[in-house]
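Please look through the sequence and the model below before reading on. The report that follows begins with one residue and then widens to the chain as a whole.

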Amino acid sequence: MIVVQMFANIDEAELTKLIEATDLITILIAGADGDIDDEEMEWAQKLADIRSYAYAEELKDYYSAVGQHFDIRLKALIAALPKEVEPRNREISIRLTELNPILQKLDNQIGAMLYDSYTSFAEHVAKASGGFLRFASVSKEEKALINLPMIEPIHLHSAEDGV
């Protein structure tokens, strides 16, 4: 497990939940329409790998940890989660809700960046298959979940906010 200064105020179990969030987001979005597509799974793996070297500097180590054994974690989660869409989405939503107090513990900038990276990750997974040349490829089921409504947004506070 990575030990990074920005995650110093959370424990290993909380860090594990943050890392597994991308797996859960992948399954939530890829399976929203009832079919977890290979293209979406492969793209999620590539996206995690890409973000480990070509993403915000502050999150490169995080995405490096996410990329390690991503496919193994993903397959294990798919096997463990309910097969039907509604119960699976409910279980994933509960697990993603557990991120809220963890994100609040992080430095505000890191929490905001991580939240934004999760919603961006969800959007990329949603666009990974379907449509003509990826145009209109986001299903209505994916669109309803893409902003991850179960995770409370973290907003950056400026010096003028006094926070």
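Leu 148 is found in the segment after helix H8, which covers residues 140-145. Its phi is positive, near 50 degrees, and Leu 148 is a residue other than glycine. Because its relative accessible area is 0%, a value under 20%, Leu 148 counts as buried. A positive phi, of about 60 degrees, also occurs at His 69, which is not a glycine either. His 69 belongs to the loop between H3 and H4, and because its relative accessibility is 54%, which is over 50%, it counts as exposed.

## The chain as a whole

This is a predicted model, and the average pLDDT of the chain is 86, with 88% of the residues scoring at least 70. Among the elements, H5 has the highest mean pLDDT, 97, whereas H2 has the lowest, 87. The chain contains eight helices and zero strands, and its pattern along the sequence therefore reads α-α-α-α-α-α-α-α.

Of the 163 residues in the chain, 46% are buried. The accessible surface amounts to about 8,700 Å², and carbon and sulfur atoms hold 54% of it. Among the contacts with a separation of 6 or more, 74% are between residues 24 or more positions apart.

In soluble globular proteins, nonpolar side chains tend to be buried together. Here the largest nonpolar core has 49 residues, and Leu 18, Tyr 62, Leu 96 and Tyr 118 are those with the most contacts inside it. Two or more residues of this core come from each of H1, H2 (38-51), H3 (60-67), H4 (70-80), H5 (85-97), H6 (99-105) and H7 (108-126).

Which residues does Leu 96 touch, not counting residues up to four places away in sequence? Leu 96 is in contact with Ala 21, Leu 24, Ile 25, Leu 28, Met 150 and Ile 151.

Helix H3 is mostly covered, since six of its eight residues are buried. These are Lys 60, Tyr 62, Tyr 63, Ala 65, Val 66 and Gly 67, and the buried residues of H3 pack against H1, H2, H4 and H7. The positive phi of His 69 comes just after this helix.

Thr 22 lies in helix H1, which spans residues 12-30. Is Thr 22 buried or exposed? With a relative accessible area of 0%, Thr 22 is buried. The side chain of Thr 22 reaches the backbone oxygen of Ile 19 at a distance of 3.1 Å. When its neighbours within four places in sequence are left aside, Thr 22 is in contact with Tyr 62, Tyr 63, Val 66, Phe 70, Tyr 118 and Phe 121. Two of these partners, Tyr 62 and Tyr 118, are also named among the residues with the most contacts inside the largest nonpolar core.

## Salt bridges

The structure holds six salt bridges, and the table includes three of them.

| Pair | N to O distance |
|---|---|
| Lys 105 and Glu 14 | 2.5 Å |
| Lys 17 and Glu 98 | 3.1 Å |
| Arg 95 and Glu 91 | 2.9 Å |

Why does the pair of Lys 105 and Glu 14 tie together parts that are 91 residues apart in sequence? It does so because Lys 105 lies in helix H6 and Glu 14 in helix H1. Lys 105 is partly exposed, at 39% relative accessibility, whereas Glu 14 is buried, with a relative accessible area of 14%.

The salt bridge between Lys 17 and Glu 98 links distant parts of the chain as well, for Lys 17 is in helix H1 and Glu 98 in the loop between H5 and H6, 81 residues apart. Lys 17 is partly exposed, with a relative accessible area of 35%, and Glu 98 also counts as partly exposed, at 35% relative accessibility.

Arg 95 and Glu 91, by contrast, both lie in helix H5, four residues apart, which is about one turn of the helix. An α-helix has 3.6 residues a turn, so residues three or four places apart point the same way. Arg 95 counts as partly exposed at 30% relative accessibility, and Glu 91 counts as partly exposed at 28%.

Key. Residues numbered from 1 in each chain as written. Predicted model: local features only at pLDDT ≥ 70, side-chain atom pairs only at ≥ 80, totals over all residues. Heavy atoms only, no water. Buried < 20%, exposed > 50% of the residue type's maximum accessible area, 1.4 Å probe, protein only. Polar contact = N/O pair within 3.5 Å; in protein donor to acceptor, adjacent residues only side chain to side chain. Contact = heavy atoms within 4.5 Å. Core = buried A, V, L, I, M, F, W, Y, C linked by side-chain atoms within 4.5 Å. pLDDT = per-residue confidence, 0-100. Areas by Shrake-Rupley, 256 points an atom, 1.4 Å probe, with all protein chains shown as cover. Salt bridge = Lys/Arg side-chain N within 4 Å of Asp/Glu carboxyl O.
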